[in-house]
Amino acid sequence: RKLGASYQSLLEDGYALSPMLESVRTMHADIPRTNVEGTSNAALKNVLLAVVATNPHIGYCQSMSTIAANLLFYLEEELAFWTFKSLIENLLPANYYTAELAGLRADLKVLDSLTQAYLPQLHRHLVKHEIDLAPITMTWLLCLFLYTLPRFLSHRILDCLFHEGEEVLFRAALAILHLREHELLGVESLPDAYLILRAPFEDNHGWVDGLGTIDEVACSLLDSMYAPLFKDISNYAIRNLRKVYLEAVQREDAAAETRRADLHGGTSLALGPDDSPALSLRRKSTLLFESSPLERMEEESGVWSSVAFGFATASAWLFQLTGETVQEEED
């Protein structure tokens with residue numbers, strides 16, 4: 001990080017980076033796909049290059065283009081850069097966007113512990129059916145809900161985050177789980193949960209039945225975030241929990257290193273030399289997204305569809321994600 005450097009000098013550093021650098025190649029591939037209306041791809045490229053140059057130990061993470069583009073929706077280019085820089089370096093924990101995802105993985109454990117504390121019935125149900133929501137909720141946190149919620153809702157959360165601090169991320173996540181708890185109590189697999197939480201307030205017809213109008217949904221989410229149920233959630237409490245779970249993440253990484261060392265020493269283990277807890281989480285999340293029948297139908301038809309996509313497709317998806325096989329019941 002270059003202290004005291006101007007935006008222009010950081011931008012020049014960014015343009016001096018090799019185009020063959022993995023983070024630069026990934027960034028260039030992501031920019032055309034970001035598609036945030038009202039923002040310039042040229043400005044987005046500048047902001048992201050300056051971010052990569054400022055934090056070379058982080059490089060580029062795919063969610064960064066979505067965040068930067070949404071900041072550019074409101075802010076001019078240089079101010080968007082400094083705001084994004086402050087978000088990464090001050091608001092979010094260290095190593096949120098690094099390869100190890102240590103800060104993010106700690107936050108996912110914090111969210112799980114808060115779900116257990118504040119939504120105990122839902123947590124018990126998820127544990128009973130061995131449903132780990134981390135491959136879903138990692139996208140919520142990495143993208144600050146910008147990919148998950150409609151713009152008018154995600155921008156309100158982003159505004160609250162800058163104004164109030166990191167507790168907002170957990171209030172928003174818990175509020176979504178709370179508002180969709182009834183439906184989640186009926187799921188028995190991760191793919192089932194994904195179909196609900198992929199876009200928690202939308203389905204193929206628009207807004208989910210029973211949640212009300214757009215304004216009513218916004219009020220419900222904000223009311224739930226700041227409901228008495230979650231009154232004890234504070235930045236101070238979140239920081240203390242992060243310390244505890246960051247240590248757990250560090251133990252996981254140390255154990256993975258030990259297993260890799262044993263593997264290189266000739267011991268036969270399931271963990272491959274390139275595997276890690278962070279890589280495993282990425283793979284699960286990517287597979288969940290890319291293999292979802294909904295994603296394939298949306299790509300093919302350009303519209304949402306929640307109609308039954310066929311037992312064979314659904315069971316194949318479940319097996320790909322969990323290794324479980326299911327039999328179709330006869331009428």
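In helix α8, the residues A134, P135, I136, T137, M138, W140, L141 and L142 are buried. The model is predicted: local features need pLDDT of at least 70 and side-chain atom pairs pLDDT 80 or more, while totals for chains, interfaces and linings use all residues. Residues are numbered from 1 along each chain as its sequence is written, and side-chain values use heavy atoms, leaving out hydrogens and water.

**Exercise 1.** Determine how many residues of helix α8 are buried and which helices they pack against.

*Solution.* Helices are DSSP runs of H or I with at least four residues, numbered from the N terminus. Buried means under 20% relative accessible area, exposed over 50%, and partly exposed in between (1.4 Å probe, protein chains only). Contact means heavy atoms within 4.5 Å. The buried residues of α8 pack against α4 (63-72), α6, α10 (167-179), α12 (190-197) and α15 (277-290). Just after α8, L144 has a positive phi of about 55°.

**Exercise 2.** Classify the ring pairs F81 with W82 and Y118 with F230.

*Solution.* Rings of Phe, Tyr and Trp (its six-membered ring) pair if their centres lie within 6.5 Å; planes under 30 degrees apart count as stacked, over 60 as edge-to-face and the rest as tilted. The structure holds 6 aromatic pairs. The ring centres of F81 and W82 are 4.8 Å apart and the planes stand at 65°, so this pair is edge-to-face. F81 is buried at 0% relative accessible area, whereas W82 is partly exposed at 31%. For Y118 and F230, the centres are 5.7 Å apart and the planes stand at 70°, so this pair is edge-to-face. The pair links distant parts of the chain, 112 residues apart: Y118 belongs to helix α6 (residues 102-118), and F230 to the loop between α13 (214-225) and α14 (235-264). Y118 is buried, with a relative accessible area of 18%; F230 is buried at 0%. Finally, Y7, F81 and W82 form one aromatic cluster.

Conventions. Helix = DSSP H or I, 4+ residues; strand = E, 2+ residues; numbered from the N terminus.
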